[in-house]
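I opened this model to look up its packing. These are my notes, in the order in which I made them.

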Amino acid sequence: MAFAIKRETTAFSNDKASKKTASFKDEGHLAFVRKLPSPISGQTPCDPAHIRAGSPLHNKKRTGGAQKPSDCWIVPLTRQEHDAQHAHGDELEWWRLQGIDPFELAIKLYEVSGDIPAGLAVISGATRKAKQ
């Protein structure tokens, strides 16, 4: 007699989240990131650019075009940089070309959310690292 073992659709996936997993909004963090300069050019004003790519290392689920990531996964980019990042197509390759780990940057910014001097120090550190 044959039988089947029912398994979750995410059983063999690195990304355990599904489309049913809700993202969360954080208006305060969005406002904080808008006040920071770009880690690429140092310019302002910036958009809070959501990271859509996934990273099992950072427990970050991948989100598609119809689903916005949680607001903790944002980094400041000028409008031109934000447009260039979307136009490039491969989000993670674009960030590699910039020499910046967007996941680490987003995590560090969320840790200091609301503290502008600390946020500027995080951006400065990411910029220095990118120029090395």
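I began with Q85, which is found in helix 2. Helices here are DSSP runs of H or I with at least four residues, strands are E runs of at least two, and both are numbered from the N terminus. The model is predicted, so I kept its rules at hand: local features need pLDDT of at least 70, side-chain atom pairs count only at pLDDT 80 or more, and totals for chains, interfaces and linings use all residues. Residues are numbered from 1 along each chain as its sequence is written, and side-chain values use heavy atoms, with hydrogens and water left out.

Is Q85 buried or exposed? Q85 is buried, because its relative accessible area is 4%. The cut-offs are under 20% for buried, over 50% for exposed, and partly exposed in between, with a 1.4 Å probe and protein chains only. I then listed the contacts, meaning heavy atoms within 4.5 Å. Leaving aside residues up to four places away in sequence, Q85 touches L77, E91, W94 and W95.

**Helix 3**

I checked both ends. At the start of helix 3, a side-chain oxygen of D90 comes to within 3.2 Å of the backbone nitrogen of L92. Just after helix 3, G99 has a positive phi of about 75°.

**The core**

Next I looked up the largest nonpolar core, which has 22 residues. Such a core is a set of buried Ala, Val, Leu, Ile, Met, Phe, Trp, Tyr and Cys residues joined through side-chain atoms within 4.5 Å. I51, W73, V75, W95, L105 and L109 have the most contacts inside this core. At least two core residues come from each of helix 1 (27-34), strand 2, helix 3, helix 4 and helix 5 (116-131). Helix 4 gives the largest share, four residues.

**Cysteines**

I searched the whole structure for disulfides, pairs of cysteine sulfur atoms within 2.5 Å. The search found zero. C46 is buried, with 7% relative accessible area. C72 is buried too, at 14%.

**R34**

C46 came up again through R34, which touches C46 and P48 when residues up to four places away in sequence are not counted. R34 lies in helix 1. R34 counts as partly exposed because its relative accessibility is 43%. I also noted 5.8 Å between the C-alpha atoms of R34 and D47, which are 13 residues apart along the chain.

**Whole chain**

The protein chain has five helices and two strands, in the order α-β-β-α-α-α-α along the sequence. Of its 132 residues, 37% are buried. Among contacts between residues at least 6 apart in sequence, 65% join residues at least 24 apart.

Technical notes
Polar contact = N/O pair within 3.5 Å; in protein donor to acceptor, adjacent residues only side chain to side chain.
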